[in-house]
Amino acid sequence: MLVCIENNDVLAGFSTKKGGVSSGVYESLNLATHVGDDKQNVLENREILRRKIGAKKLIFMDQIHCDEIFEVLSLDDEIPPCDALITSLKNVALCVLVADCLPVLIYDKFQGKIAAIHAGRAGVTLQIVTKTIKKMGSKAINLKVVVGANISGKCYDIGNLDLGEFNKFKNGVKFDMNAALKCELDSLGVRDYEFSDICTHCDERFFSYRRDGVTGRFCGFICLK
């Protein structure tokens with residue numbers, strides 16, 4: 001587990017492949033139920049993560065590569081398919097599953113709100129991060145944004161796919177999602193942000209769909225204390 005924010009108010013970080021009970025291509029801390037792993041192993045893996053975080057509950061999304069955002073107001077809320085979660089509830093960890101996409105964690109230090117965002121190619125080009133910050137009602141100066149391990153621009157081949165205005169972040173057939181998101185955050189006026197320099201495609205500590213095909217998912221998590 002890689003911790004990126006830890007203080008009296010919030011805990012945020014990212015899991016790796018290690019420390020769980022799954023086997024084979026899902027070895028070992030696979031946290032996704034939709035990739036073919038044994039569901040009981042996934043549930044045990046999630047419980048392992050919950051205990052490590054010390055959260056009352058982990059909340060995952062049914063991610064659909066869109067710009068749908070949901071604010072969790074109660075532990076009883078039914079989470080609809082979406083790619084971003086927001087909450088101000090304490091001891092509840094918002095989780096985003098990834099295996100090459102950008103796991104984006106946001107902490108609004110003034111409002112005491114957090115968000116977890118799944119930003120793949122679709123999310124980046126739909127500017128889901130901007131839309132989430134707007135829904136949070138946050139001012140850029142109050143935000144801490146952390147982006148975890150993801151596939152780097154030198155490894156992310158999208159062929160001749162036309163990305164419109166985002167073609168400026170392509171180098172030949174390669175698309176740099178990190179550069180696109182950094183530009184977006186700068187345009188919003190966010191100054192307190194960190195991007196991991198780890199490429200999931202290159203680093204065997206992390207699941208990578210582009211590298212392995214059938215594989216597990218690690219997660220980004222953020223929890224108000």
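**The six-stranded sheet**

Author: Six strands form an open sheet in the order β4-β5-β8-β7-β9-β12, with mixed pairing. Its edge strands are β4 (69-72) and β12 (193-195), each of which pairs on one side only. From one strand to the next, the twist averages 15°. Two strands pair if DSSP finds at least two bridges between them; strands (E, at least two residues) and helices (H or I, at least four) are DSSP runs numbered from the N terminus. The model is predicted, so local features need pLDDT of at least 70 and side-chain atom pairs 80 or more, while totals for chains, interfaces and linings use all residues. Residues are numbered from 1 along each chain as its sequence is written, and side-chain values use heavy atoms, without hydrogens or water.

Strands β9 and β12 pair in the parallel sense over three bridges, and V146 stands opposite E194 in β12. Strands of a sheet pair through backbone hydrogen bonds, which may be parallel or antiparallel.

Two helices belong in this picture. Helix α3 lies across β4, β5 (84-87), β7 (102-108), β8 (113-119) and β9, and runs at about 160° to β8. Helix α4 also packs on the sheet, where it touches β7, β8, β9 and β12, and its direction makes about 175° with that of β12. Axes are lines fitted to C-alpha atoms (for helices, over the stretch in contact), with angles from 0 to 180 degrees between N-to-C directions.

The two helices also pack on each other. Helix α3 (residues 128-136) and helix α4 (residues 177-188) meet at an angle of about 35°, and their axes are 10 Å apart. On the α3 side the contact (heavy atoms within 4.5 Å) is made by V129, T130 and I133, and on the α4 side by L181, E184, L185 and L188. At K182, the charged end sits over the ring of F195, 5.0 Å from the ring centre. For this, NZ of Lys or CZ of Arg must be within 6 Å of the centre and within 35 degrees of the ring normal.

What about ring against ring? Four aromatic pairs are counted, where Phe, Tyr or Trp (six-membered) ring centres lie within 6.5 Å; planes under 30 degrees apart are stacked, over 60 edge-to-face, the rest tilted. One of the pairs joins Y156 and F175; the pair is tilted, at 6.2 Å centre to centre and 40° between the planes. Y156 lies in the loop between β9 (143-147) and β10 (170-171), and F175 lies in strand β11 (residues 174-175), so this pair ties together parts 19 residues apart in sequence. Both Y156 and F175 are buried (under 20% relative accessible area; exposed is over 50%, partly exposed in between, with a 1.4 Å probe and protein chains only). F166 and F169 form another tilted aromatic pair, again with 6.2 Å between the centres and 40° between the planes. F166 and F169 are buried too.

The model also has an open sheet of five strands, in the order β1-β2-β13-β6-β3, and its pairing is mixed. Here β1 (2-6) and β3 (57-59) are the edge strands, pairing on one side only. The twist of this sheet averages 20° from one strand to the next. At the β1 end, β1 and β2 pair in the antiparallel sense over four bridges, with I5 opposite A12 in β2. These two strands form a hairpin with three residues between them. Further in, β6 (residues 92-98) and β13 (residues 218-224) are antiparallel partners over six bridges, and C95 stands opposite F221 in β13.

Helix α1 (residues 39-53) lies across β2 (10-14), β3, β6 and β13, running at about 120° to β3. Q40 is found in helix α1, and at 55% relative accessibility Q40 counts as exposed. The C-alpha atoms of Q40 and S22 are separated by 9.3 Å, and the two residues are 18 residues apart along the chain. At R46, the charged end sits over the ring of F60, 3.7 Å from its centre.

T215 lies in the loop between α5 (209-212) and β13. In contrast to Q40, which is exposed, T215 is buried, with a relative accessible area of 3%. Setting aside neighbours within four places in sequence, T215 is in contact with V25, Y26, V35, F207, S208 and Y209.
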